[in-house]
Amino acid sequence: MNEPTDAEVDAIVAADLARYGNRAGPSTPLGVHVVNWRQLPDADASRDWTALREWVEWFTVRYRVPASVVPNCWWKHGPLVEELSALHTAHLAAFDPSDNGLGPISWHERLAQALPRLSRSGAGCASEHSDTRPRSWTAATDDAEWDAWTGQAHAQ
């Protein structure tokens with residue numbers, strides 16, 4: 001049996017794609033605003049924090065997320081803010097009118113993956129906030145040792 005030519009393969013692929021219709025979707029951007037908390041300007045802070053708070057309050061009620069997973073002081077925990085913000089953004093994109101219909105199930109799949117991370121991120125703050133000291137890199141790395149190490153690829 002002969003291998004199909006490139007032209008034949010292209011024709012097969014085109015026929016398969018035609019069966020599913022135009023999957024490209026609209027070229028207009030989704031109505032989703034991604035927040036980079038690390039570089040958030042003060043001028044945008046109130047708007048972005050308020051939007052996230054409204055969504056977190058809705059999300060925790062709708063999905064019955066206990067305070068042991070998302071404590072009331074969630075906004076004081078950087079890892080929780082990042083995780084909840086990512087879920088918020090994914091939720092907005094999943095339910096955008098331009099979505100092809102798979103967004104909601106994809107969002108729920110992502111939620112299932114995120115719940116264990118949420119549980120770890122807010123652990124210990126179910127009843128009252130307890131500060132955890134962030135890791136510090138001050139004097140953690142010997143610069144001379146770093147310079148010597150990074151002078152080689154270490155591929156071997």
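Contact here means heavy atoms within 4.5 Å. By that rule, and leaving aside neighbours within four places in sequence, H91 is in contact with W55, W58 and W107. The model is predicted. The structure holds four salt bridges. A patch of negative charge also gathers on the surface.

**Around H91**
- H91 is found in helix α3.
- This histidine is buried, because its relative accessible area is 12% and the cut-off for buried is under 20%.
- Three tryptophans, W55, W58 and W107, are its contacts once neighbours within four places in sequence are set aside.

- D48 lies in helix α2, which spans residues 42-62.
- D48 is buried, with a relative accessible area of 6%.
- Beyond its neighbours within four places in sequence, D48 is in contact with H33, V35, W37 and L40.
- The side chain of D48 also meets that of R47 in a salt bridge, at 3.0 Å from N to O.

- R53 and E57 pair through their side chains, with an N to O distance of 2.7 Å.
- The two residues are four apart in helix α2, so about one helical turn separates them.
- E57 counts as partly exposed, at 41% relative accessibility.

- E83 forms a salt bridge with R117, and their closest N and O atoms are 2.7 Å apart.
- This pair links distant parts of the chain, 34 residues apart: E83 is in helix α3 (residues 78-94) and R117 is in helix α4 (residues 103-121).
- E83 counts as buried at 15% relative accessibility.
- R117 counts as partly exposed at 35%.

**Negative surface patch**
- D142, D143, E145 and D147 gather in a patch of negative charge on the surface.
- One of these residues, D143, lies in helix α5, which covers residues 143-150.
- D143 counts as exposed because its relative accessibility is 55% and the cut-off for exposed is over 50%.

**Positive phi outside glycine**
- R64 is not a glycine, yet its phi is positive, at about 50°.
- R64 lies in the loop between α2 and α3.
- At 76% relative accessibility, R64 is exposed.
- A139 is another residue other than glycine with a positive phi, here near 65°.
- The loop between α4 and α5 holds A139.
- A139 is exposed, with a relative accessible area of 78%.

**Points to check in the viewer**
- Start at H91 in helix α3, then find W55, W58 and W107 around it.
- Move to helix α2 for D48, and follow its salt bridge to R47.
- Stay in helix α2 for R53 and E57, about one helical turn apart.
- Cross from helix α3 to helix α4 along the pair E83 and R117.
- Finish at the negative patch of D142, D143, E145 and D147.

Note on methods:
Residues numbered from 1 in each chain as written. Predicted model: local features only at pLDDT ≥ 70, side-chain atom pairs only at ≥ 80, totals over all residues. Heavy atoms only, no water. Buried < 20%, exposed > 50% of the residue type's maximum accessible area, 1.4 Å probe, protein only. Patch = residues over 30% accessible without salt bridge, like charges linked within 9 Å, V, L, I, M, F, W, Y side chains within 5 Å. Areas by Shrake-Rupley, 256 points an atom, 1.4 Å probe, with all protein chains shown as cover. Lys, Arg positive; Asp, Glu negative; His and termini not counted. Charge placed at Lys NZ, Arg CZ, Asp CG, Glu CD.
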